[in-house]
Amino acid sequence: MNEYLFIALVLAAVIAAVILLVKLIASPLRKIFKLLLNTALGMGILFVLNLIGQNFGFSFEINPTRCLIAALFGVPGVIIMIVITVLL
């Protein structure tokens, strides 16, 4: 009987360790995925806005600084760049 109890406790400990490991790994991966998605959206909007905006007389050059802002801040960064371009 003690042998079965020991096996059950070891199995429960292994399962708990696996669940804890998955949770520890999943949280940073979720943040990295969100960052990559935000970066892709920001860069995509910057490209499409510049492509379509040329037809309406609104365009700005895509330089490394603007790409970095779009990559780091995503959609809000692109919106801020649009507002600054319109105001200046």
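Tyr4, Phe6, Ile7, Val10, Val14, Val18 and Val22 make a nonpolar surface patch of about 710 Å². This is a predicted model, where local features need pLDDT of at least 70, side-chain atom pairs count only at pLDDT 80 or more, and totals for chains, interfaces and linings use all residues. Residues are numbered from 1 along each chain as its sequence is written, and side-chain values use heavy atoms, with hydrogens and water left out.

Q: Why is Val14 called partly exposed?
A: Buried means under 20% relative accessible area, exposed over 50%, partly exposed in between. Val14 has 45%, so Val14 is partly exposed.

Q: Why is Asn50 called buried?
A: Asn50 has a relative accessible area of 11%, so Asn50 is buried. Asn50 lies in helix α1. Leaving aside neighbours within four places in sequence, Asn50 is in contact (heavy atoms within 4.5 Å) with Ser59, Phe60 and Ile62.

Q: What do the buried residues of α1 pack against?
A: They pack against α2 (64–87). Gly42, Leu46, Asn50 and Gly53 are buried in α1. An α-helix has 3.6 residues a turn, so residues three or four places apart point the same way.

Q: Why does Gly77 count as buried?
A: Gly77 has 3% relative accessibility, so Gly77 counts as buried. Gly77 is placed in helix α2.

Q: How do you know what span to expect of α1?
A: The expected span is 1.5 Å times one less than the number of residues. α1 has 52 residues, and 76 Å is expected. From first C-alpha to last, α1 reaches 75 Å, close to that value.

Q: How do you know how the protein compares with a compact globule?
A: The radius of gyration is taken over C-alpha atoms, and the globule rule is 2.2 Å times the number of residues to the power 0.38. For 88 residues a compact globule would be near 12 Å, but the protein has 24 Å. The C-alpha trace spans about 80 × 20 × 20 Å along its principal axes.

Technical notes
Patch = residues over 30% accessible without salt bridge, like charges linked within 9 Å, V, L, I, M, F, W, Y side chains within 5 Å. Areas by Shrake-Rupley, 256 points an atom, 1.4 Å probe, with all protein chains shown as cover. Salt bridge = Lys/Arg side-chain N within 4 Å of Asp/Glu carboxyl O. Buried < 20%, exposed > 50% of the residue type's maximum accessible area, 1.4 Å probe, protein only. Helix = DSSP H or I, 4+ residues; strand = E, 2+ residues; numbered from the N terminus.
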